[in-house]
Amino acid sequence: MAGGVLGQLIRFGIAGGISTVIYSAVYLPLAYFVLPKNLAVAAVPPAFLVAVTCGFFLHSFWSFKGHGTRDQSGRQHLKFLVVQGFGLLLNAAFTWVITGPLHGPQWLPLVPIVLITPFATFALNRQWVFG
């Protein structure tokens, strides 16, 4: 059982790494070149949307392949969107606090976005969405 979780966590990490690169590729140009620094949080939704779309397919067909059941009714997709909405809120909160009140650089929110959000969404995806 532990080996299954470890394999899922490794696959989740690789897929998450790909999603993070995609997120960063959308977020950073918007945050640095399109939006004022104090509105970097506005770059989070489009970056998240692109990354989560890729992430859904990677996680559904690879990270959690063979784990649990797949629901064709649409409930599983809704659960996935709820979990991702939670991730979006976490990312927006990190970005707003770091680039707003703390006046940090636009790249700095990527640190907690990479270190905290994936573990929270992994646990929720494994137990609730794909479990």
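Is threonine 117 buried or exposed? In this predicted model, threonine 117 counts as buried, because its relative accessibility is 5% and the limit for a buried residue is under 20%.

## Threonine 117 and its contacts

Threonine 117 belongs to helix 5, which spans residues 117-129. Leaving aside residues up to four places away in sequence, threonine 117 touches Gly87, Leu90, Asn91, Phe94 and Pro112.

Threonine 117 is one of the buried residues of helix 5; the others are Thr121, Phe122, Asn125, Arg126 and Val129. These residues lie on the same side of helix 5, because they cover an arc of only 145 degrees around the axis. In general, an α-helix has 3.6 residues a turn, so residues three or four places apart point the same way.

The face of helix 5 turned away from the buried side carries exposed residues, namely Phe119 and Gln127.

## Cysteine 54 in helix 2

Cysteine 54 is found in helix 2, which covers residues 44-63. With a relative accessible area of 24%, cysteine 54 is partly exposed, because this value falls between the limits of under 20% for buried and over 50% for exposed.

When residues up to four places away in sequence are not counted, cysteine 54 touches Ile18 and Ile22. Isoleucine 14 is 40 residues from cysteine 54 in sequence, and the C-alpha atoms of the two residues are 13 Å apart in space.

Methods. Residues numbered from 1 in each chain as written. Predicted model: local features only at pLDDT ≥ 70, side-chain atom pairs only at ≥ 80, totals over all residues. Heavy atoms only, no water. Helix = DSSP H or I, 4+ residues; strand = E, 2+ residues; numbered from the N terminus. Buried < 20%, exposed > 50% of the residue type's maximum accessible area, 1.4 Å probe, protein only. Contact = heavy atoms within 4.5 Å. Arc of directions from axis to C-beta.
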